[in-house]
Amino acid sequence: MKLFWKGLYHSFPVQLLMLHFKKFQVLLIFWFVLFSTVNGTFMKTFGADSLYLAPEYLGNVSILASLFVGMAIGVFIMSWNITTFILFSRHFRFLATTSNPFLKYCINNGGIPAIFLVFYFIKAVAFERNKELMTYGEITLLVLGFLSGLILIIMFSLFYFFRADKNIIRRLTPVISNPQLFKAQFKKDETRLNQSRLIKVEWYLNAMFRLKKVRDVSHYSREFIETIFSRHHFAAVVSIFIAFIGLILLGFCLDNPLFQLPAAAGITLFFAILIAVSGAFSYFLQSWSIPFVIVLFLLTNVLYRYEIIDPSNKAYGLNYKNKDQRPLYTSESLLSLCTPEKIRNDKQHMISILENWKKKQTSEKPLMFVITTSGGGNRSATFTMNVLQRLDSLTHGELMNKTVLITGASGGMLGASYFRELSRARAAGQKIDLQDKTWQNDIANDLLNPLFTSFVARDLAAPAQRFKVGPYEYIKDRGYAFEQKLNSNTRGMLNKQLKDWYDDEKNARIPLMLFNSVVTRDGRKMIISTQPMSFLMRPAYDTNHVLDADPDAVDYQALFSKQDPLNLRMLTALRMNATFPYVLPNVWLPSDPVIDVMDAGIRDNYGQETALRFIQVFQQWIRDNTSGVVLIHIRDRKTGGWEHPYESTSITEIATKPMLLLEYNWFKMQEYSQNDLMGLARSMMGNYFYSFCFQYVPEKSDARAALNFHLTKSEKKDIAGALGSAGNQQTFTQFTRLISKPHPLTIR
């Protein structure tokens, strides 16, 4: 028994596994991320597990999608094997004397990949059965697709190295036949062997997965062994280079949906690139790898500082050319955009729009609707579409006619924008049934696949490709890929510039729409609209101290008046409003100094802050001309802050709690603050203020739709079913009572 354990300890698979944990542990981080993602623990709230367990390709969870994910996992496994082979082979000189040493290495290094694959299939079958509601026959096809892609990549890789082995043997045959190289040099090389830290191995698995005893290689010269390894290493680096060229070619084809890989495939390929690059650095630079990376980082930083390279994402449609005409982003500049005179003029302009809206109404004092919708990726977009369809039905197709303003954050605004445009097309004479479930399916469609594929193939690999919006040129990146996919999902209806909506909003043919990206420099809101909005740039103060009020928002159109602001794409405005950190790139704007903006949810995830300020500014007009303002809230989460409490269940969480407290409670703290604003609005408006809140509440508390741009079939079903919850049904009933009564009805 003692001999058994000793032999097991000195076996090649065990020694390799131990070596992974002793050296280059950073490479194990990628495996940890994959395991925890598939397990549903890493980024669980954002639904990262669904990207791997139910991948989509061309809008469907299919055998082709599984095939591509299997291929990506295969590339990752082989990249990991190639990299670690380069780094570890010097510790196992016996490999050089075996036939097909890389194959032997892969077999003995297969412990972690084998465990992952078994774990993956167990999780995938359960997920597809319970979340995607698939039959076992459909699941079998997905498994076969995954295995086919995995095996294809592995066989292709091994075939490449088999050919490399033949070339190496052919070139070294004259050397092997030279007896001088096979003299016993153990004593001569003893010092070198100690320096190379050889690891004792007694057994290894051969190509037939049978145990085989390691041959004594002490009679081979170290130069001979290193020659064999160096040629294998070179072949490995060439394979990495070939894969990189493949990614570049993929980047040039991404506008075709056929080349937009499943998101999981894109993420995994990104991991494979990182591993491969580290292997290439180690091979070529040896101990100079870290200094080289540091120098490269410093050089890149200098090139970026002096604008020799510019990886920043742009707002598609804005003019970035005339640098001498860029507006100053300073306190004085912002104050000049919201002087009392300008605010007075802009308010008068808005009142003319409100008057145009009133002319369309059938009663002398109509109810004025204002809609706010929360951020929350595709779940919020889908829930918003569901709610708006129901409200439109209850108002007999008059919802958009009764609505003056729509605002909010992220995903909610995707759904609201699409619904508004569908309503606009219907009013223009197109045969559109706003209650059709097709629109729900459209806005629920995946947005992540082209985004991650573009990140890997374009942002990291392919040379810059350009496109135009009007007279201005921009570089294609993952932001562009997101917009193109959103455009496809919404049937091209949002592929316009802001100027295309200017007249309709000015004449109140459609509701105003406000986008509220957040300036990362100082947290101010960048209010994007077709109409001037200086009256929203700062809160109302006592008129005696109005000049003391520092703006907490920026009128986009006024600030960038010389940069062709209305040429901005609507798709870009939506993306700027939904720029989830790291997933989408920050959008840099042509100011001096240059500023960048992110997701509106950072400042006002529910849209209430902007809506209530608008109501406050025009409260007198509302009192004089309407029966009251109806504030409709559409939220992708429950009110009250009881969902997902931040609990400390381990020592680690206790230690990290002070640092992560703000992150976990960000939206809850926004809610508490905005509840105060709601109370003030009720006090200010009295019986002229009504509010209704529709909430997405999952049927099961532990099965809530994920916060990302991808939904599973069960999540779509759960979101649609949320309209039937007791709370939402009660709110719909109250809403119906209000619009059917000719007199005001107080709603609490």
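A charge sits over a ring if NZ of Lys or CZ of Arg is within 6 Å of the ring centre and within 35 degrees of the ring normal. Lys-213 meets that rule: its charged end sits over the ring of Trp-203, 5.0 Å from the centre. The charged end of Lys-314 likewise sits over the ring of Tyr-320, 5.7 Å from the centre.

This is a predicted model, in which local features need pLDDT of at least 70, side-chain atom pairs count only at pLDDT 80 or more, and totals for chains, interfaces and linings use all residues. Residues are numbered from 1 along each chain as its sequence is written, and side-chain values use heavy atoms, with hydrogens and water left out.

**Annotated segments**

- The unreviewed UniProt entry places the feature "transmembrane region" at residues 64-88, 109-127, 139-162, 234-252, 258-281 and 288-306. UniProt positions follow the numbering used here, feature names are shortened, and annotations may be inferred rather than shown by experiment.
- Helices (H or I, at least four residues) and strands (E, at least two) are DSSP runs, numbered from the N terminus.
- Residues 64-88 are 100% helix and 0% strand, with the end C-alpha atoms 35 Å apart.
- Residues 109-127 are 89% helix and 0% strand, and there the end C-alpha atoms are 29 Å apart.

**Cavities**

- Rolling a probe the size of a water molecule over the atoms shows where empty space is left.
- On a 1 Å grid over the protein atoms alone, a cavity is a set of points where a 1.4 Å probe fits but cannot get out; lining residues have an atom within 4 Å of a point. Grid points are joined across faces, edges and corners, and a volume is the space filled by probe spheres set on the points.
- The count is two cavities of 30 Å³ or more.
- The largest cavity has a volume of about 60 Å³. Its lining residues include Tyr-52, Ser-66, Tyr-120, Glu-128 and Phe-146.
- Helices H4 (48-53), H7 (111-130) and H8 (136-176) each supply at least two residues of that lining. H7 gives the largest share, four residues.
- By class, the lining of the largest cavity has nine nonpolar, one polar and one charged residues. Ala, Val, Leu, Ile, Met, Phe, Trp, Tyr, Cys and Pro count as nonpolar, Asp, Glu, Lys and Arg as charged, and the others, Gly among them, as polar.
- The second largest cavity has a volume of about 40 Å³. Among its lining residues are Trp-357, Thr-403, Glu-505 and Pro-511.
- Helix H14 (340-360) and strand E5 (403-408) are the elements giving two or more residues to this second lining. H14 gives the most, with three residues.

**Aromatic contacts**

- Rings of Phe, Tyr and Trp (its six-membered ring) pair if their centres lie within 6.5 Å; planes under 30 degrees apart count as stacked, over 60 as edge-to-face and the rest as tilted.
- There are 29 aromatic pairs by this rule. In one of them, Phe-270 and Phe-271 are tilted, at 6.2 Å centre to centre and 40° between the planes.
- Trp-31, Phe-35, Phe-76, Trp-80, Phe-116, Phe-119, Tyr-120, Phe-121 and Phe-146 form one aromatic cluster. Tyr-120, Phe-121 and Phe-146 also line the largest cavity.

**Burial and contacts across the chain**

- Buried means under 20% relative accessible area, exposed over 50%, partly exposed in between (1.4 Å probe, protein chains only).
- Phe-271 is buried, with a relative accessible area of 12%.
- Cys-106 is in helix H6 (residues 101-108). Cys-106 is buried, at 12%. Its C-alpha atom is 9.4 Å from that of Leu-158, 52 residues apart along the chain.
- Leu-258 is in the loop between helix H10 (222-252) and helix H11 (263-285). Leu-258 is partly exposed, at 49%.
- Eight of the ten residues of helix H25 (residues 608-617) are buried, so H25 is largely enclosed by the rest of the structure. The buried residues include Arg-613 and Phe-614.

**Backbone details**

- A cis peptide bond joins Asp-592 and Pro-593, with omega about 0°. Pro-593 is in the loop between strands E11 (587-589) and E12 (595-598).
- Asp-564 is not a glycine, yet has a positive phi of about 60°. Asp-564 is partly exposed, at 31%.
- Tyr-582 has a positive phi near 75°. Tyr-582 is exposed, at 79%, in the loop between H23 and E11.

Terms used: On a 1 Å grid over the protein atoms alone, a cavity is a set of points where a 1.4 Å probe fits but cannot get out, and a pocket is an open set with protein on both sides within 12 Å along at least five of seven lines; lining residues have an atom within 4 Å of a point.
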